[in-house]
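Colleague: I would like to learn how to read the cores and helix contacts of a model. Could we go through them together?

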Amino acid sequence: RAERLLATSQSAVLLLQLEISVEVMRGLVEKCAKRCPVALKASPPQCAASAHRVLEVGVGLCFLNEATAPSLLGWAPLPLITPADAERAAVEALEKWPSLCTVVVTCPTGHVLVERRSGGWRNPHPSEAEGAQVGAVRSVVVPRGQRNVVDPVGAADAFIGGFIAAQAWGLPLAESLLCASAAGDIAASREGAYAPNDGELLDELCAQLVPVVKSRPLSLVRT
């Protein structure tokens, strides 16, 4: 069904999760990687071996958290605490999987994005994808929001959806990460796995990230 959908539509991105069969995901990546960017939510931590098998066939964007990053990289089973830890994990992931162009790692104090300067997940540079060396990278760090967590179910999905949507709207990396953070915070602050709508997202950004919204007030509204 996924193959038929991708073949008959102009898909912006293929987003994979480890709840899907590894063989199905590998097949989709091999068939679709040249047609559209491929992203992976690499959780839960106990599925690290499955994530390895998917990452090695052509994923461009990977989302990790404080628990999944150490598991994926074979580190000691201790959660990441600081943005510096998260950045180190992201850089190592880029070094380990040459097809990766962008890695987003969430830790208790913030969200960290590390991307190859030669090309991000939507526009990878061919020569960079062929070699295992990361070379120059750029990093973006965004602090986590201050909302109380009521129900974490669906928050990670809202975060990922917020990031990919913001990138599709043409927002820069920093603002895309801010939108993702706000979307995840809203989803976690209420019962049920409900992602925010555009109005709620803009209200959250206005409440918590006033300087950013003032600098680009119209760019955060989907038209």
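This is a predicted model: local features need pLDDT of at least 70, side-chain atom pairs count only at pLDDT 80 or more; totals for chains, interfaces and linings use all residues.

Colleague: Which residues touch the most other members of the largest nonpolar core?

Modeller: In soluble globular proteins, nonpolar side chains tend to be buried together. A nonpolar core here is a set of buried Ala, Val, Leu, Ile, Met, Phe, Trp, Tyr and Cys residues joined through side-chain atoms within 4.5 Å, where buried means under 20% relative accessible area, exposed over 50% and partly exposed in between, with a 1.4 Å probe and protein chains only. The largest such core has 35 residues, and L16, L40 and L100 touch the most other members. Apart from it lies another core, of 25 residues, including W121, F163, A180 and L201.

Colleague: How do helices α7 and α8 pack?

Modeller: Helices are DSSP runs (H or I, at least four residues), numbered from the N terminus; axes are lines fitted to C-alpha atoms over the stretch in contact, and angles run from 0 to 180 degrees between N-to-C directions. Helix α7 (residues 155-168) and helix α8 (residues 173-188) pack at about 150 degrees, with their axes 7 Å apart. Because angles over 145 degrees count as roughly antiparallel, and those under 35 as roughly parallel, α7 is roughly antiparallel to α8.

Colleague: What is the arrangement of α2 and α3?

Modeller: Helix α2 (residues 22-32) and helix α3 (residues 48-55) pack at an angle of about 20 degrees, with their axes 9 Å apart, which makes α2 roughly parallel to α3. The contact is made by V22, E23, M25, R26 and V29 of α2 and S50, R53 and V54 of α3.

Colleague: Is S189 buried or exposed?

Modeller: S189 is found in the loop between α8 and α9 (198-208), and at 19% relative accessibility S189 counts as buried. Not counting residues up to four places away in sequence, S189 touches R147, N148 and V150.

Definitions and conventions: Residues are numbered from 1 along each chain as its sequence is written. Side-chain values use heavy atoms; hydrogens and water are left out. Helices (H or I, at least four residues) and strands (E, at least two) are DSSP runs, numbered from the N terminus. Angles under 35 degrees count as roughly parallel, over 145 as roughly antiparallel, 65 to 115 as roughly perpendicular and the rest as oblique. Contact means heavy atoms within 4.5 Å.
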